[in-house]
Amino acid sequence: MKPVVHIVDDDESYRTATARLLSAHGLRVEAHESGDQFLARLSACEPGCVLLDLRMPGQSGLQIQNRLCELAPLMPVVFLTGEGDIKASVEAMKAGARDFLEKSSTAAALMEAIDRALIQYERQKAEHDRLQAQRALVAGLSPREVEVFGLLIRGRLNKQIAHALGVSERTVKVHRHQVMEKLGVRSLAEAVLIAASIGLIDQDTASPVG
Amino acid sequence: MGLGEWSGRLCCTAFLLAVAVLGASSRHAAASDASIAIVGRVPRVLVLYPYDERIAATTAAGEALRSRLLEATNGKIDLFSEFLDLSRFPEGEHVARMARYLGEKYAARRPDVVVAFGRESASFIVANHGTIAPGAKIVAAGFGTATAEKIALPDDVIGAFSTFNILKTAEMARGLQPHARHLYIVGGSSDFDRSWLTTTRADLKQFSKSFDTTTYLEDLTIDEFVERASRVPPDSIIIALTVFKDKTGRNFVPRDAIRQISATASAPVYGPYQTYIDHGVVGGNTVTFDALGRTVGDLVIDAIAGKPVSDLEAPQTYIADVRQLRRWGLAEEDLPPGTVPMYREKSLWEEHWVILVAASGLLLAQASIISVLLLERRRRRVAERSARLHLLEAVHLNQSATAGALSSSIAHELNQPLSAIRNNAEAASVLLRSANPDHELIQQILLDIQEDDQRAGDIISRMRGLLKKRSEIDWQEFDLNDVTSSAIHIIHGEAERRGITLTSTQPPGELPVRADKVHVQQVILNLATNAMDAMLNAVPAGRTLTFATGLANEKAELRVSDTGDGIPEERLIRIFEPFYTTKQAGTGLGLSIARAILETYGGTICAGNRPEGGAVFCVALPLAHREEQSR
């Protein structure tokens, strides 16, 4: 299913018009009168990107963005404002806003920004899904297998692992085989990549942690 | 010392008089002796006037003669005047009676010189020389040499002749009216009038040929004269001679008759006499009676002194009435050279200079007081006007500043409908390109576009009102509630941005006031932005800006309250002074301008602190219709 564009704007007229524009371009749209209302509904909302008005009664756009980072980090935020405001835009970008548009921008610019946000969403979603799958694989390991995996990716030899765990080298071999099997990898290098992407080892130095 | 001298002189005069009486009786015998011998007494001069004293020509000449003689003899001369009234009493009996009477009257004081003004006087004295003034020198004046010949003036009569050259008068008229086509000549029915007419016929024979018509208005009654003159063609010249008598025999002082004629004449009237001037005549060639009088005076003095005297011509001059030139639209530069202009404005000065000096002194004093007062008033007006202009300037500057401060929220507000319009239009165009357009939706989109366009228009007109610059106050009657609402509209975006809650309360009825709407809105915006600035440091949750309108003391009132820190007591008294500010970026003009604006419309402003915290500004304006409001 296609992702949804969430429009959060207190101005009904603008909200409706923009929803119509995006719908006409074949996008799925959900409109929200205020940031508070959006946050309240967030759990029930379909994921996608957010068009967020900077100035609204109640919580401001920036405050909503901060909450979204915690609650729905995958949803890219495109800020909308009536008039450019350097201070607000810098804050917004620092907080991870995907784009910062003036309301007076052309429909094309708006569409472009939304397309970019949606592509980013798709990409992040895919990455997120991949990581989730890898985490699920790792989570499927038994405690002993996790211990073996942890030492393996740090480059320990079988006999070093056996020594560290106080088991026979033979047992280590069995666990090692199980781990490779469960993670669906053929080589040690692949296992290391998974460990790195889910944060079990420091990717920058690639040196064993701990 | 003066007294002694005077008494001595009196004795001397009495003696001289006695000698004179003796001498006169002795000379009576030698009546034919033409030379006069005045010994040891003041000379006597008898002036004979032919008509009565109202005839200005002769009296003017007589006056000039009189003053000339008094001046030349230093007052040592006896002057006698007799008015013969011969035009009204031409009968022989009257003349004889007059001669007898004068003979007896002057028996004891025979005149040394007799001056006869006019032809009739000359004839009279020539005929009655022996009876009235035997041995006296006779000076005849006031007529031309032609007349002198006609009445056969004896050789021993000296003539101060004045030739009234009617042709010169006619030529003067011609010069002023080169395009005139008709010539009219007015003359009366007395002997003198008729002789004038005869002379004129001869003198103007050649001259009249250059006109289409030449008409002699004679043998008419005064009413006929007036009537005829009033309907001559406009391109006419009217020459008035004399009217001593009209057809019915009614007697006139000629200038009065001429005045009646020229008052309603439809063309300019000219005449050969100085005295006609100021009686509606444009002018003419004349011997001025002044000149004649002085000429006669010189002759008399020479005669008294025993000098040989002979006939003289009194000088002729052209005279013109400047007012009449103006009346007929005649050009002064067309007058013959040397024309004496009469009744120029300066003549008033010459005649009445003492009164004029006194009056103008008074006037000057009055005028200077008045001009000082006027200047004062003018200065005050100018000052008031420039103060008002300065106020308007300051108001405008302040408006611009307020508009600047609110511009980002106004732009924000304006961008909403404009962006909505843009997106709606784009959506509609995308929908129309689709295979199966949703017409109902497109219809709704178009309606929404119209609505947003209206919304944008409203914002712009509010903004324009805020920025309007004017050099004049635009007085209008409006509801204070409306202006307050409109101001709330303008600032609501800014308030929202700052997390300020706006609340307002209004009375059920209207609060009509009379002022410049934009100015009052300006005051409200000033107070509102001040209040918002005052709440910068307040707890965000509690930031509230309240507008409350209502009636107080028969006035429309607006209270603007905030939940800021309030105004320190020591600042309350100075807060409306210009350039007093507590803000870093403030000009310190907002509140002083607000006060100036309100005072312009008879209103007031005051500031205070609320017991629950925060400041309150209270604006009051007079109600436009107090009586309606009180119902």
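Of the 210 residues in chain A, 44% are buried, where buried means under 20% relative accessible area, exposed means over 50% and partly exposed lies in between (1.4 Å probe, protein chains only). The structure discussed here is a predicted model, in which local features need pLDDT of at least 70, side-chain atom pairs count only at pLDDT 80 or more, and totals for chains, interfaces and linings use all residues. Residues are numbered from 1 along each chain as its sequence is written, chains are lettered from A and ligands numbered from 1 in the order in which they are written, and side-chain values use heavy atoms, with hydrogens and water left out.

Read from the N terminus, the order of elements in chain A is β-α-β-α-β-α-β-α-β-α-α-α-α-α.

Salt bridges come next. The term stands for a side-chain nitrogen of Lys or Arg within 4 Å of a carboxyl oxygen of Asp or Glu, and the whole structure has 28 of them over all chains. One of these joins A:Arg67 to A:Glu70, with the closest N and O atoms 2.7 Å apart. Both residues sit in helix α3 (residues 61–71) of chain A, and because they are three residues apart there, about one helical turn separates them. A:Arg67 is partly exposed at a relative accessible area of 34%, while A:Glu70 is exposed at 56%.

Another salt bridge in chain A pairs A:Glu145 with A:Lys182, the closest N and O atoms being 2.8 Å apart. This pair connects distant parts of the chain, since A:Glu145 belongs to helix α6 (residues 143–152) and A:Lys182 to helix α8 (residues 169–183), 37 residues apart. A:Glu145 is buried, with a relative accessible area of 5%, and A:Lys182 is partly exposed, with 33%.

How do the two chains meet? The contact draws 22 residues from chain A and 23 residues from chain B. The size of an interface is often given as the accessible area lost when the parts come together. Here chain A and chain B bury about 1,900 Å² between them, 51% of it on carbon and sulfur atoms; this buried area is the accessible area (1.4 Å probe) that two parts lose on being put together, summed over both. Two salt bridges are counted between the chains. In one salt bridge, A:Arg20 meets B:Asp448, with 2.8 Å between the closest N and O atoms. A network of salt bridges also links A:Asp11, B:Asp452 and B:Arg455.Five residue pairs (both at pLDDT 80 or more) are in polar contact across the interface of chain A and chain B. A polar contact is a pair of N or O atoms within 3.5 Å; within protein, one must be able to donate a hydrogen and the other to accept it, and residues adjacent in sequence count only if both atoms are side-chain atoms. On the side of chain A that touches chain B, the elements giving two or more residues are α1 (12–24) and α5 (107–139) of chain A. The largest share, seven residues, comes from α1(A). By type, this side of chain A divides into seven nonpolar, seven polar and eight charged residues. In this division Ala, Val, Leu, Ile, Met, Phe, Trp, Tyr, Cys and Pro count as nonpolar, Asp, Glu, Lys and Arg as charged, and the others, Gly among them, as polar.

In chain B, strand β20 (residues 615–622) is mostly covered, with seven of its eight residues buried. Strands are said to pair if DSSP finds at least two bridges between them. Strand β18 (residues 555–561) of chain B pairs with β20(B) in the antiparallel sense over seven bridges, and B:Leu558 stands opposite B:Val619 in β20(B). A salt bridge joins the side chains of B:Arg559 and B:Glu557 (3.8 Å, N to O); B:Arg559 is partly exposed at 36% relative accessibility, whereas B:Glu557 is buried at 16%. Strand β19 (residues 604–609) of chain B also pairs with β20(B) in the antiparallel sense, over six bridges, and B:Cys606 has B:Cys618 as its bridge partner in β20(B). β19(B) and β20(B) form a hairpin with five residues between them, and B:Gly613 in the turn has a positive phi of about 105°.

Elsewhere in chain B, B:Tyr51 lies in the loop between β1 (44–49) and α2 (56–72). B:Tyr51 is buried, with a relative accessible area of 6%. Leaving aside residues up to four places away in sequence, B:Tyr51 touches B:Phe83, B:Leu84, B:Asp85, B:Leu86, B:Ser87, B:Glu120, B:Phe192 and B:Phe244. With B:Glu120, the side chain of B:Tyr51 makes a side-chain polar contact at 3.2 Å. The C-alpha atoms of B:Tyr51 and B:Ser121 are separated by 8.7 Å, although the two residues are 70 residues apart along the chain.

Terms used
Contact means heavy atoms within 4.5 Å. Helices (H or I, at least four residues) and strands (E, at least two) are DSSP runs, numbered from the N terminus.
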